[in-house]
Amino acid sequence: MPPTGPVWGNAVASYGLYQTHIARQVPLGIFTDQNSGNANGQSLALALRGGGDIRLGPVTTGPVAGLVMQHVDIDGFTETGTSGVTALSFGKQTRDSVVSQLGWRGAVDVGNWQPFAELTWDHEWDHKTRTITTSLTSIAAPPYTTAAAPTASDWATASIGSTYSLSAQVTLRGIVWTQFVNPQVSSYGGNLGLNVSF
């Protein structure tokens, strides 16, 4: 669960590229039209975290707080379909997010192993109403604009994992996490990493 210390903090900036394949089904009586498209995009994010650690023998525990700011752009794309009747063309989409995190974490030193766990409550502060502009590809008609799906305001995130020191400079780290108490979506994930210090 690094970093550790009586009081600690870190900052991580990231840039990402998205390539997403979208499949959308539209029932037309006894026939179901199959539409698909490819959307590309990019994201820019800054994550700030800090907290304090309390040492209780082999156990390290303490509060954690964070702020994650993200800007995402999704390029416009056009679907292709089995019949083409229900295929849509979508305009560019933009999403901004500011999420605060407040929670508690803990870890135990067991030889070369350090299992850890963390639980946070997350709150979304950017509640701007987003819209999506779309148009039918089968007829010549002006595009129309509709409200995008709303985002949840609050949810919980739990993670559990462990680090293993292969040497003084090399550490293996694995973690799994889940988001819950979200009425719109439940998500799960994990990663495995190798840290090398010089």
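**Strands and their partners**

Guide: Happy to: Arg55 has Thr60 in strand 4 as its bridge partner. Residues are numbered from 1 along each chain as its sequence is written, and the model is predicted, with local features needing pLDDT of at least 70 and side-chain atom pairs counting only at pLDDT 80 or more, while totals for chains, interfaces and linings use all residues. Side-chain values use heavy atoms, with hydrogens and water left out.

Visitor: How many bridges join strand 3 to strand 4?

Guide: Three, and the two strands run antiparallel. Strand 3 covers residues 54–56. Here strands are DSSP runs of E with at least two residues, helices are runs of H or I with at least four, and both are numbered from the N terminus. Two strands pair if DSSP finds at least two bridges between them.

Visitor: What sits in the turn between strand 3 and strand 4?

Guide: The two strands form a hairpin with two residues between them, and Gly57 in the turn has a positive phi of about 65 degrees.

Visitor: Which other strands does strand 4 pair with?

Guide: Strand 4 (residues 59–74) also pairs with strand 2 (residues 31–52), in the antiparallel sense over 11 bridges. In that pairing, Gly50 stands opposite Ala65. Strand 8 (residues 93–108) is another antiparallel partner, joined to strand 4 by 16 bridges. There, Pro63 has Trp104 as its bridge partner.

Visitor: Let's zoom in on Ala117. What is it in contact with?

Guide: Ala117 lies in strand 9 (residues 113–124). Leaving aside neighbours within four places in sequence, Ala117 is in contact (heavy atoms within 4.5 Å) with Trp104, Arg105, Gly106, Ser159 and Ile160. The C-alpha atoms of Ala117 and Gly106 are separated by 5.6 Å, with the two residues 11 apart along the chain.

Visitor: Why does Ala117 count as partly exposed?

Guide: Because its relative accessibility is 36%. Buried means under 20% relative accessible area, exposed means over 50%, and partly exposed lies in between, with a 1.4 Å probe and protein chains only.

Visitor: Changing topic: what is the strand order in the open sheet of four strands?

Guide: The order is 5-7-10-11, with antiparallel pairing. Strand 5 (77–78) and strand 11 (144–147) are at the edges, each with a single partner strand, so one side of each has no neighbour in the sheet.

Visitor: Which residues face each other across that sheet?

Guide: Among them, Phe77 stands opposite Phe90 in strand 7, where strand 5 and strand 7 (residues 88–90) pair over two bridges. Phe90 also stands opposite Thr134 in strand 10; strand 7 and strand 10 (residues 131–136) share three bridges. Thr133 stands opposite Thr145 in strand 11, and strand 10 and strand 11 pair over four bridges.

Visitor: What's the phi of Val181?

Guide: Near 55 degrees, a positive value in a residue other than glycine. Most residues other than glycine have a negative phi. Val181 is in the loop between strand 13 (170–180) and strand 14 (187–196), and with 48% relative accessibility it counts as partly exposed.

Visitor: Now the whole chain. How many helices and strands?

Guide: Zero helices and 14 strands.

Visitor: What is its radius of gyration?

Guide: The protein chain has 22 Å, whereas a compact globule of 198 residues would be near 16 Å. The radius is taken over C-alpha atoms, and the globule rule is 2.2 Å times the number of residues to the power 0.38. The C-alpha atoms fill a box of roughly 70 × 35 × 35 Å along the principal axes.

Visitor: Last one: how much of the chain is buried?

Guide: Of the 198 residues, 30% count as buried. For contacts with a separation of 6 or more, 60% are between residues 24 or more positions apart.
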